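Hi,

Here is the structure I promised to send over. Have a look at it first, and my notes on what turned up follow below.

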Amino acid sequence: MERLSTSIPRRAGVTAVHSLHRFVFTVPDLDAAQRFYTAFGLDVRRVGERIDLHSFGHPHRWGSIHRAPGPKKLQYLSFAAYPEDLQPLRRHLEQVGAPAVEPHPLADEEGLWLRDPDGTAVQVLVAAKVSPDTCAAPEVRAAVPGTAAAPSRSSAPPVRPGRLSHVLLFSSDVLRSARFYCDTIGLRLSDSSGDIIAFLHGAHASDHHMLAFAKSGGPGLHHSSWVVSDVDQVGLGMEQMSAQGYTDGWGVGRHVIGSNYFRYVRDPWGSFAEYSAGIDFIPADVEWRAADHPLADSFYVWGPPPPDYFVVNHELAGAA
């Protein structure tokens, strides 16, 4: 279980968002979305023509999926800030020439609105911090000598992720997208690999990345990443989804950038939900040194090679 501080972490003298508050996208079939994310282990709640993604034991709404005809489509991202930072952020956006836009028609919370260079709507609002305050203590599942550690297959508990870690988006210009989110809402570059991929963290303590970008011909949602306690839970998640018929994906493996263990499961529309354990953590008082990693040596430490469909932006393919 993740261990969170009760204090409010804050990087001194920095005005920036503190959390990825929510991601919102549309699909043509809500029933299929509900089946997928329920099998994944989330608390899926139907509200009219949308479903909301919660994790069991946590009050926050991490994502919303609305019904709409046509291909799956990312609609907007929402980021949260401390109350005292909202007006300074508003003034900063005006100063850097990020014009305000009308609220997204699917939004049900008030906040500031802008658009990123790929046209994706971005909301900034006041809300509680849901990015981690401290590094999670690793779980140890050591057996007592003379006893068996592993459960039987039939008695293995269901995998239920604790929270959203990050989302990775496709972008027509990865470095431009990274600069935009750093220059406007105060995210910080964690690491990158040329112009192929970039990872951004929050200034006020967060995982190694709460937002990332991968190169494509245009925008789209590649994956959402969900925290589980250890690599055993990652493997159990793979088994859980395979038993429900969701066998396509990548992993189990371990990333280099971010260090997390992973299993990506492909959803009915070609994007992914990731089980993630052990991702690097960046405290509010640490200046992380961003590195530009060689691509061939930075994707994963071990695991199977990724399938060809792992890098396909189906939002572009579906719109063609």
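To start with something you can check by eye: does Arg50 count as buried or exposed? Arg50 counts as buried, at 16% relative accessibility. The cut-offs are under 20% relative accessible area for buried and over 50% for exposed, with partly exposed in between (1.4 Å probe, protein chains only).

A word on the source before I go on. This is a predicted model, in which local features need pLDDT of at least 70 and side-chain atom pairs count only at pLDDT 80 or more, while totals for chains, interfaces and linings use all residues. Residues are numbered from 1 along each chain as its sequence is written, and side-chain values use heavy atoms, with hydrogens and water left out.

**Salt bridges**

The structure holds 18 salt bridges, each one being a side-chain nitrogen of Lys or Arg within 4 Å of a carboxyl oxygen of Asp or Glu. In general, side chains of opposite charge can pair when their charged atoms come close.

Arg50 is in one of them: its partner is Asp52, and the closest N and O atoms are 2.7 Å apart. Asp52 is buried too, at 5% relative accessibility.

Then there is Asp108 with Arg61, at 3.2 Å from N to O. Asp108 sits in the loop between helix 2 (86-95) and strand 6 (112-115), and Arg61 in strand 4 (residues 61-67), so this pair ties together parts that are 47 residues apart in sequence. Helices (H or I, at least four residues) and strands (E, at least two) are DSSP runs, numbered from the N terminus. Arg61 is buried at 14% relative accessible area, whereas Asp108 is partly exposed at 40%.

A further bridge joins Arg266 and Asp248, 2.8 Å from N to O. Arg266 belongs to strand 15 (residues 261-266) and Asp248 to the loop between helix 4 (231-243) and strand 14 (249-255), so the link spans parts 18 residues apart in sequence. Both ends are partly exposed: Arg266 at 21% and Asp248 at 33%.

**Helix 2**

Leu86, Leu89 and Leu93 are buried in helix 2. Seen down the helix axis, the buried residues fall within an arc of 60°, so they line one face of helix 2; the arc is that of the directions from the helix axis to the C-beta atoms. An α-helix has 3.6 residues a turn, so residues three or four places apart point the same way.

What covers that buried side? The cover includes strand 5 (73-81), strand 6, strand 7 (121-126) and helix 3 (174-185). On the face turned away from the buried side, helix 2 carries the exposed residues Glu94 and Gln95. Just after helix 2, Gly97 takes a positive phi of about 75°.

**Gly258**

Gly258 is in the loop between strand 14 and strand 15 and is buried, with a relative accessible area of 1%. Which residues does Gly258 touch, not counting those up to four places away in sequence? They are His208, His209, Gly278, Ile279 and Asp280, where contact means heavy atoms within 4.5 Å. Gly258 and Leu236 are 22 residues apart in sequence and 21 Å apart in space, C-alpha to C-alpha.

Cheers
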